[in-house]
Every structure is written in structure tokens, then in C-alpha cells.
Amino acid sequence: MITANFPNPIGEEHWGIWIALYFFLAGTTGGAYLLSVLFYPENQKLIRRSALWAFLGVVVGSALLVLDLGQPLRFLNLFLGGFYPASVMWLGSWFLLLSGAGLLWVYAQPTSRKAQGIVAVLVALVVGYTAVLLMQTAKPFWNASPLLPWLFLASAATAGGALLQLWQHHEKLSRLVVASALVEGVVLFLHLVWTYPVAAGAVLALLAGPLAWAFWGFVVVGWGLPLFLERQNVTLAALLTLVGAFLLRYFVVMAGQV
């Protein structure tokens, strides 16, 4: 067992802002790569740029996970400690490693569409497994409904599209961002309704409690306002959408621990 003493910088035992930041980086940069491969296969410059950002998202996100562990070298146990295919965390660690290597490969040299598609599957697994990881816990706000992975995927599409909009404005991309944001809003509403009977404390904390600033900040600033501005100021709408993507992951992580 590899261990090393290292203070947790947030001074808390539960999952905190490092985890929320990791979810945000993985979802946003991974979503941008997925959208560029799926909807802009002819634009290799865009695919390679999004691959670079997604690779950086994996690297920085992994560093945040290590920080959150408090004992950084424990991260190596996930790779050197044995074969545990039934462990979501073990699988997620390998998804991170393989997708990071694949993204760097896509960025570094011309690759076939098939290779880019295989890397996209690995990236989708990284984006989706974060919600599955939350659902493996005994926290009702995270595991009482099956919608959390779909919420994270819809949010990844919205935020990833917003990131792409900072590089290029395109009507198809704008329609995609609006559609995914509407899906994201519906899935979030259904998740709150679904979990309320068993996670009333968490839902009320979001609606009128200590997490209300993050929840309503997402609804108003990070979701509603970008939809309103999408036709008027795409860049501002994209930036606000990214703010909303972080707020969504922050209040989801925190509400599960209420």
C-alpha cells in the first residue's frame, strides 16, 4: 500500500469543490470533443483543438482528484493495487488514463475517423461515469433516481457546445446548445421531483436553503439568461453557460451530502 501524508486543502472529509471542479472540467471539455467528432467530422482543426482541451481537462481533473484524496500517492493504488472491474472508481481511473492517452494521440497527429470515434467512446465513459460514481453511494439525492447520468450528459453537451461557440459561431451549433439546454432543464426538474420524497432535505436546501444561491444562480444566470441571449450575444451566452455548468455540478455534489 502506497501512502503519504498530505493535508486536504479544503479541510473537509466529504466531497468538496475539487470534485465539483473535476466534474465540470471532464464534462465541459469532454462534451466539446464529443460534439466536434459527432457533428463536425470534416473540421479536423476543431477536433484536434477540442482533443487538446479535453486532454488538459483530464490532466487537471486527475490532479484535482489526487488533491481531494488527501494522500496523493493513494491514486496509484487504483492502477497498481489489482484488477477490480466491479469497482466504478477503478474503472473510472482507467477510463481517465486511456482517454487521456487517446486525446493526446488525436491532437498530436492526424488520425482516422474510426480512431477519433474510439477515443470519443472513452471520453463519453469518463463523462458518464462521474454520475454513476455518485449513484454508487448511499446518498438518496444521488441514487434515488436513474436520471443523474442523463443530467450530466445533457449538461456536458450544453457546456461542450458553449465551449466550441467561443471558438466558432455556427447556426447548427447554436441550435444544438439550445436543444441540449432544454433537455438539461427538463431532466433536472424531473430529478428533483423524483428524489424529493426521499431527499427532501437536499431538495429544500437547493430551493430555499444554503445551496439556493448555487441552484438559482444556475437557473437564472447559467441557464435561463444564456437561452435568452443565444440569438443576441453568443459569446456572452456561452460564457454564462459555462458558469452554469460549474454551478450545476457544485450543487449536485453538495446537495447529496446534506
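Here is a short chat about reading this predicted model.

Q: What should I know before I start?
A: Numbering runs from 1 along each chain as its sequence is written. Because the model is predicted, local features need pLDDT of at least 70 and side-chain atom pairs count only at pLDDT 80 or more, while totals for chains, interfaces and linings use all residues; side-chain values use heavy atoms, with hydrogens and water left out.

Q: How many helices and strands does the protein chain have?
A: Helices (H or I, at least four residues) and strands (E, at least two) are DSSP runs, numbered from the N terminus. Here the protein chain has eleven helices and zero strands.

Q: Is Trp-150 buried or exposed?
A: Buried means under 20% relative accessible area, exposed over 50%, and partly exposed in between (1.4 Å probe, protein chains only). Trp-150 has 55%, so it's exposed. You'll find Trp-150 in helix α7, residues 148–165. Across the protein chain, 50% of the 258 residues count as buried.

Q: Which residues touch the most other members of the largest nonpolar core?
A: Nonpolar side chains tend to be buried together in soluble globular proteins. A nonpolar core is a set of buried Ala, Val, Leu, Ile, Met, Phe, Trp, Tyr and Cys residues joined through side-chain atoms within 4.5 Å. In this 62-residue core, they're Tyr-22, Tyr-33, Leu-103, Phe-141, Phe-251 and Val-252. Helix α11 (residues 234–255) gives the largest share, eleven residues.

Q: What does Phe-251 touch?
A: Contact means heavy atoms within 4.5 Å. Leaving out residues up to four places away in sequence, Phe-251 touches Leu-188, Leu-206, Leu-211, Ala-214, Phe-215 and Phe-218.
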